[in-house]
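I opened this notebook page to record what I looked up in the model, one topic at a time.

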Amino acid sequence: MMNSTWLDALMLRFHRLRYLWAVGSFLLGLSSYFLVERKPWLATVLTVILVTTWLALLTEGLWSRFLRGPAMQKLSQGALKLMLQGVHQEAFFFTLPFILLQWSGGAAYVLFTGLVMASALVSIVDPLYFRLAAHRALYFGYHAWALFVALLVLLPLTVKVPTNLALDGAAILTALVALPSFWRVGGPRPLYRWVALMLFSLAIASVPLWGARLVPPLTLSLEHRAMALTLNRERREPLVTGTRFDASELSGGLYAYTAIRAPLGLGQPVSHYWYHDGQLVDRIGLELTGGRQEGYRTWSHKRHFPEHAEGRWRVEVRTGRGQVIGVLRFDVTR
């Protein structure tokens with residue numbers, strides 16, 4: 001049996017260092033963001049750390065059986081709780097750089113971004129975190145949310161799943177792996193509560209069907225963007241660019257030029273959605289060229305504008321799931 005005094009000292013050491021874990025987790029995520037292009041193997045090593053800690057958390061019921069006896073019980077109630085807090089910090093702060101550095105700025109993603117930032121804050125504020133942990137059902141929900149957010153980045157980084165399929169994979173794995181933990185909460189329960197839990201799991205698994213446009217494509221971003229009157233097709237460069245055009249200049253059409261940064265390859269179709277004063281007027285599928293450093297370059301050429309084209313325009317770059325990668329805005333005047 002382990003010495004109780006030694007365990008007390010160990011837990012005190014962990015407790016004193018708990019604020020450094022959030023900083024380390026954030027730096028881990030930031031390192032992966034910048035190293036994923038130049039050092040893919042190192043980024044994989046960093047993400048494997050997250051996978052390993054998640055497995056340790058998900059198999060808590062198995063290995064906790066071996067933590068018996070007064071000293072080991074104290075360890076499980078002290079240091080292990082801090083370890084779980086560190087895992088949640090690692091998950092949210094690992095993902096946060098991808099959200100903040102690659103966020104398209106679309107209003108639809110305010111809710112998702114706000115929830116991740118609030119969850120990261122909860123993970124580093126002890127009174128909030130341990131008050132949440134006292135409510136077992138809410139705590140498992142928090143864990144499921146952390147797993148879902150982390151998988152959105154982990155799946156493309158570790159197994160090179162395309163971004164649009166990463167959303168499907170994250171939703172299904174969260175429903176299959178994390179949510180069954182709810183079934184252990186509260187012991188025996190009537191049949192209707194089991195049915196409710198099953199429906200809740202199905203709702204999470206079906207997120208790609210009803211919530212895809214609320215979740216940003218975390219591993220995609222616009223490296224370059226421009227609205228142009230002309231374009232050099234041989235060099236694939238926009239010419240005569242701007243954000244304000246006179247209606248008389250649009251007789252030859254207008255180009256929306258975008259270079260999509262996809263560190264692990266694109267592997268999915270994208271489209272340009274043209275909006276005039278908030279109304280969708282055109283959707284153009286894209287042909288992609290180029291590679292990682294310069295981005296996957298493409299453009300759409302809108303040749304026909306309405307008779308009264310004056311007003312505010314925007315072009316949204318969307319994945320096949322409807323997720324916004326970025327937005328180009330311009331005005332037409334007379």
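Which residues in α8 meet which residues in α9? I found that Tyr 129, Leu 132 and Ala 133 in α8 meet Arg 136, Leu 138, Tyr 139 and Tyr 142 in α9, where contact means heavy atoms within 4.5 Å. By kind, the residues of this contact divide into 6 nonpolar, no polar and 1 charged; Ala, Val, Leu, Ile, Met, Phe, Trp, Tyr, Cys and Pro count as nonpolar, Asp, Glu, Lys and Arg as charged, and the others, Gly among them, as polar.

Before going further I noted the ground rules: this is a predicted model, in which local features need pLDDT of at least 70 and side-chain atom pairs count only at pLDDT 80 or more, while totals for chains, interfaces and linings use all residues. Residues are numbered from 1 along each chain as its sequence is written, and side-chain values use heavy atoms, with hydrogens and water left out.

**Helix packing**

I then looked up the geometry of the two helices, and α8 (residues 126–133) packs against α9 (residues 136–159) at an angle of about 115 degrees, with the axes 7 Å apart. That makes α8 roughly perpendicular to α9, since angles of 65 to 115 degrees count as roughly perpendicular, under 35 as roughly parallel, over 145 as roughly antiparallel and the rest as oblique. The axes are lines fitted to C-alpha atoms, for helices over the stretch in contact, and angles run from 0 to 180 degrees between N-to-C directions. Helices (H or I, at least four residues) and strands (E, at least two) are DSSP runs, numbered from the N terminus.

Within α9 I checked Ala 144, which counts as buried at 8% relative accessibility; buried means under 20% relative accessible area, exposed over 50% and partly exposed in between, with a 1.4 Å probe and protein chains only. Ala 144 and Ala 171 are 27 residues apart in sequence, and their C-alpha atoms are 9.9 Å apart in space.

**The five-stranded sheet**

I next traced an open sheet of 5 strands, in the order β3-β10-β9-β5-β6 with mixed pairing, where two strands pair if DSSP finds at least two bridges between them. β3 (244–246) and β6 (279–285) stand at the edges with a single partner strand each, so one side of each is left without a neighbour in the sheet. On average, neighbouring strands of this sheet are turned by 25 degrees against each other, direction ignored.

Strand β9 (residues 311–319) pairs in the antiparallel sense with β5 (residues 270–276) over 7 bridges, and also with β10 (residues 324–333), antiparallel over 8 bridges. Val 317 in β9 is the bridge partner of His 272, and on the β10 side the bridge partner of Val 317 is Gly 326. β9 and β10 form a hairpin with 4 residues between them, and Gly 322 in the turn has a positive phi of about 90 degrees.

Is Thr 319 buried or exposed? Thr 319, in strand β9, counts as buried at 2% relative accessibility. Not counting residues up to four places away in sequence, Thr 319 touches Pro 217, Leu 220, Gln 268, Pro 269, Val 270 and Ile 325.

**Around Ala 226 and Tyr 255**

Ala 226 lies in strand β1 (residues 221–232) and counts as buried at 15% relative accessibility. Among the contacts of Ala 226, leaving aside neighbours within four places in sequence, I noted Tyr 255 and Leu 328.

Tyr 255 has His 301 in β8 as its bridge partner, and 7 bridges join β4 (residues 254–261) to β8, which run antiparallel. In β8 (residues 295–302), 8 of the 8 residues are buried, so this strand is largely enclosed by the rest of the structure.

**Totals**

Last, I noted 12 helices and 10 strands, with buried residues making up 47% of the 334 residues.
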